Amino acid sequence: MVLLLAAAILASAAVLLYLTRNITFLLDDWEFLVYRRGFTEHALLDPHNEHLILGPILVYKALLGLFGMDSARPFQVVSTIAFLTSAALLFAWLRGRVDQWLALGAVILVLFLGAAWEDLLWAFQIGYFVSMAAGLAMLLALKRETAVADRVACAALVVSLVFSSVGIPFMIGAAVAIGTAPGWRNRLYVVVIPALLYGLWWIGWGHTAESHLSAHNLANAPVYVFDAIGSAFSSLLGLQTPRDEAGVGAYDWGRPLAVLFVALAGWRLYRIGSVPRWLWVVGAIALSFWLLSAVNQFPGRAPSSSRYQYVGAILVLLLAAELLRGIEVRAPALALAGAVGALAVASSISFLSQSSASYEGTSDLIKADLGAVEIARDTADPGFVLSEDLAGTGYVGVSAEAYLSAVDAFGSPADTPEQIAAAPEPAREAADRVLAGALRIAVAPAAAGTAAGCRRVDPAGATAVAELPPGGAVVRGSPGAATDLRLRRFATGSFPIGAGQLAGGQSVSIGIPPDRSTVPWQLQLSGGGAVAVCPEPGA
């Protein structure tokens, strides 16, 4: 069985590392890489989305020191290892509660959990992975009920808390486990020490985090918990429709599955006649996680959100395992479960693949955007920010000053000018928009007059393209209809930068500061009559 588990883990590693091969740093990664520099209190202890993230910060700093910022690959490898470790620890727990074949099948569903693509494909989610792995290690240690195991449980709980707030539900579960066991007073330190450390952090730094607690969230909490249970089961069974298809969402199957689970759980507890001790424990962990998520809900944090499916799937498996303890599962039922599981894995891998393609498209934009910032670094305003309207994505909102400082220290994940030129068209268009913003390309009225080196360009009522000289150009219109002006540099399928309209007989100056690329800018002229394109005076 251990060999089969190892094979499944290796297969998952191969799939995940293959699917993340072209994905760069995303979203919150930039907070750690660019803005949490050094080892100050701010860098280490300020909350991030309400979480204590000391653990992830230290991991990122270690990886930056070892490998730099040229590639997200080392970060993805470490995050994947943490995920796989949590899956192995989940198996260690489940095999002691249910049939080992059921335990293996459940873990395989987690190893290829397509609905949790945001976790599995994004290195930043190492916080969840380590918190979950440490929490499961804590449960395994507490179950042994020895002095040495309790010390291990205490240390594991501290680790879980410093990697993300997922550690808080495990701390609550540890309190229930110890409080329902003999000799609890001598074991209370397992919870008290981590709770005190977390409390000190909250008093010093954590209380500054934004809170979304509201009466609406409190009132909606039961519905949130119900939908979270349903979403987790729907995710495990691969029943969420892949991104490029329509019709099936997390709740379409999830809510009926949640009703079925609650009904079967009630029937099982009726047959048992009492609530088993460890069901109280894992129930406290699951309920506290979902309730904490519910009271802090805001857009992007729905129970069906991809980022919650990894944690939710493991929690419902822990609950199901306690309910199934003592039930003998016969071969036909195992075969049916295996067939359902195989279909679920196939659906999940499809989901992962499509999500990977989406992240790759975003990564193309990010690398081209950052490459454009580096091209313009000599003249870009330090406060220039890669806003979504320029960058084409909201996954890289860094300032030029902070990003370029990190590049000088750790290397660059950006595309070179040659790579931008070979990138997909949307990435080239985004690079052009960023360059126009970073260089502050200006279009202003120009004085009429004569100039040497002018070229005559005639759109003849349609369109024409002129290559601009270094430093920009003065464009002089002839009497007649107005001419629309648009610019591009790396783009080939469009001219993404509007440069205004040239009225008949008007002259405008298009100033382009020098930068670190030799690729010329091109001007598209649409409509109107012939114009003269002259070198910018003094360029």
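This is a predicted model: local features need pLDDT of at least 70, side-chain atom pairs count only at pLDDT 80 or more; totals for chains, interfaces and linings use all residues.
Y224, A228, S231, A232, F289, W290, S293, P303, Y308, Q309 and G312 line the largest cavity.

The largest share belongs to α13, with four residues. Sorted by class, the lining has seven nonpolar and four polar residues, and no charged ones. As for how such a space is found, rolling a probe the size of a water molecule over the atoms shows where empty space is left.

Now to the strands, beginning with the open sheet. Four strands make up this sheet, in the order β3-β8-β5-β6, with antiparallel pairing. β3 and β6 (497-502) are the edge strands, each with a single partner, so one side of each has no neighbour in the sheet. From one strand to the next, the twist averages 25°. Inside the sheet, β5 (residues 483-488) pairs with β8 (residues 522-526) over five bridges, in the antiparallel sense.

A464 sits in β3, residues 463-467. Is A464 buried or exposed? It is buried, because its relative accessible area is 13%, and the cut-off for buried is under 20%. Neighbours within four places in sequence aside, A464 is in contact with V457, D458, P459, L523, Q524 and L525. For a sense of scale, A464 and F83 are 381 residues apart in sequence, and their C-alpha atoms are 55 Å apart in space.

Next, β4. This strand covers residues 472-477 and is mostly covered, with six of its six residues buried. In a regular strand the side chains alternate between the two faces of the sheet. In β4, G472, V474 and R476 point one way, while A473, V475 and G477 point the other way, and all are buried.

What does β4 pair with? One partner is β7 (residues 507-511), antiparallel over five bridges. Another is β9 (residues 531-535), also antiparallel and also over five bridges.

Last, two backbone points. Most residues other than glycine have a negative phi. N49 has a phi near 50°, a positive value in a residue other than glycine. Where is N49 found? It is in the loop between α3 (41-45) and α4 (54-67). N49 is partly exposed, at 37% relative accessible area.

The other one is R440, which is not a glycine either and has a positive phi of about 55°. R440 is in the loop between α21 (425-439) and β1 (442-445). With a relative accessible area of 49%, R440 counts as partly exposed, because exposed requires over 50%.

That is what I have for today.

Notes:
Residues are numbered from 1 along each chain as its sequence is written. Side-chain values use heavy atoms; hydrogens and water are left out. Helices (H or I, at least four residues) and strands (E, at least two) are DSSP runs, numbered from the N terminus. Buried means under 20% relative accessible area, exposed over 50%, partly exposed in between (1.4 Å probe, protein chains only). Contact means heavy atoms within 4.5 Å. On a 1 Å grid over the protein atoms alone, a cavity is a set of points where a 1.4 Å probe fits but cannot get out, and a pocket is an open set with protein on both sides within 12 Å along at least five of seven lines; lining residues have an atom within 4 Å of a point. Ala, Val, Leu, Ile, Met, Phe, Trp, Tyr, Cys and Pro count as nonpolar, Asp, Glu, Lys and Arg as charged, and the others, Gly among them, as polar. Two strands pair if DSSP finds at least two bridges between them. Axes are lines fitted to C-alpha atoms, for helices over the stretch in contact, and angles run from 0 to 180 degrees between N-to-C directions.
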